[in-house]
Amino acid sequence: MEKKDLLSIYDLSAKEIKTLLSKAFELKKKRKPLDVFRGKSLGIMLEKPSTRTMVSFAAAMVQLGGTPIFLNIEKMQRSRGESIHDTAIVLSRYLDALMIRAFKHSDVEEFAKYSTVPVINGLTDREHPCQILADVMTVMEFHKIITPSDLKKIKIVYIGDGNNISNSLLAIASVLGMNLTLIAPKEYLTGKELLNKSLEYISKSKAEIKVTSDINATENADVIYTDVWTSMGFESEEKKRKKLFTPYQVNSELLKKASSKCIVLHCLPAIRGEEITEDVMEKYENSIFAQAENRLHAQKAVLLHFIK
């Protein structure tokens, strides 16, 4: 059987996303270890610091009966110039799957090209698909949505940098037919390439997508989602970003525009007092930390789907 990779939400069909979400909810409800991956190993390659991605994938593999193997890029021959081509071929002969948290999406694509085992994107500069599966799971959970098809009834608003989170939100909304508004300062809005990609799916899914710099577009939001203003790799822009993003802070005043049933999400880590205020973090900690927990359940579903 030809191996399959998860580099982007677009690698999944609507049916596959629904299957993964259903399995994630089943696993969360049962909360029982499964001895299905005995003798199998997952490589966890980290080019960036990580808490949730690293621990949730490791715990997921252990709870499924397998073994996580941590691959610190600085302690591998990759740091001395060994090619992705050679590294991917060698690792394929040791592992049953490889999860990579990388700076460059193109590097993960190259690993997938030469790897003979599944490659899973644990975060790149372009997308964060495993995070977004957990996010949608959280929206369904807190808004008591039984089937993903009913997600279109929920207005989801993302406020902040047009980064890997907003890119993957755009992708899953386009595939499933969701109602999504992306809000950011003009120069940080989602790029045309990704918007054009979403159009390939919107005509079929009937998704409602809005991209704007108008903060008033949060009106009647059922979900408000934010992320740090300066992602890893963009530290040199921190001062500039703080100035431009300050009007886009998620605070109690902003939430007055939202619906009465609105929840707040944050993929974490949060810089309290910047993109989100301390009081909002505390008020909505149930949804935010459930979102973090759901990484574990969603990733168990992903591993079961991709590792054969």
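This is a predicted model: local features need pLDDT of at least 70, side-chain atom pairs count only at pLDDT 80 or more; totals for chains, interfaces and linings use all residues.
**Contacts, helix packing and the sheet**

Q: Is Thr212 buried or exposed?
A: Thr212 lies in strand β7, residues 208-212. Strands are DSSP runs of E, at least two residues, and helices are runs of H or I, at least four, numbered from the N terminus. The relative accessible area of Thr212 is 13%. Buried means under 20% (1.4 Å probe, protein chains only), so Thr212 is buried.

Q: Which residue has its backbone nitrogen 3.0 Å from a polar atom of the side chain of Thr212?
A: The atom on the Thr212 side belongs to its side chain.

Q: Is Ser115 buried or exposed?
A: Ser115 sits in the loop between α4 (105-114) and β4 (119-123). Beyond four places in sequence, Ser115 touches Lys3, Ala88 and Ser92. Its relative accessibility is 5%, so Ser115 counts as buried.

Q: How are α1 and α6 oriented to each other?
A: The axes of α1 (residues 14-30) and α6 (residues 164-176) come within 9 Å and cross at roughly 110°. The contact is made by Ala14, Ile17 and Lys18 of α1 and Ile172, Val175 and Leu176 of α6. Angles of 65 to 115 degrees count as roughly perpendicular. Therefore α1 and α6 are roughly perpendicular.

Q: Which are the edge strands of the four-strand sheet?
A: The sheet is open, with parallel pairing in the order β2-β1-β3-β4. Two strands pair if DSSP finds at least two bridges between them. Each edge strand pairs on one side only: β2 (67-72) and β4.

Q: Which residue in β3 stands opposite Ile44?
A: Strands β1 (residues 41-46) and β3 (residues 97-101) run parallel. Five bridges join β1 to β3. Opposite Ile44 stands Met99.

Q: What angle does the direction of α4 make with that of β4?
A: Helix α4 packs on the sheet, touching β1, β3 and β4. Its direction makes an angle with that of β4 of about 165°.

Technical notes:
Residues are numbered from 1 along each chain as its sequence is written. Side-chain values use heavy atoms; hydrogens and water are left out. Buried means under 20% relative accessible area, exposed over 50%, partly exposed in between (1.4 Å probe, protein chains only). A polar contact is a pair of N or O atoms within 3.5 Å; within protein, one must be able to donate a hydrogen and the other to accept it, and residues adjacent in sequence count only if both atoms are side-chain atoms. Axes are lines fitted to C-alpha atoms, for helices over the stretch in contact, and angles run from 0 to 180 degrees between N-to-C directions. Angles under 35 degrees count as roughly parallel, over 145 as roughly antiparallel, 65 to 115 as roughly perpendicular and the rest as oblique. Contact means heavy atoms within 4.5 Å.
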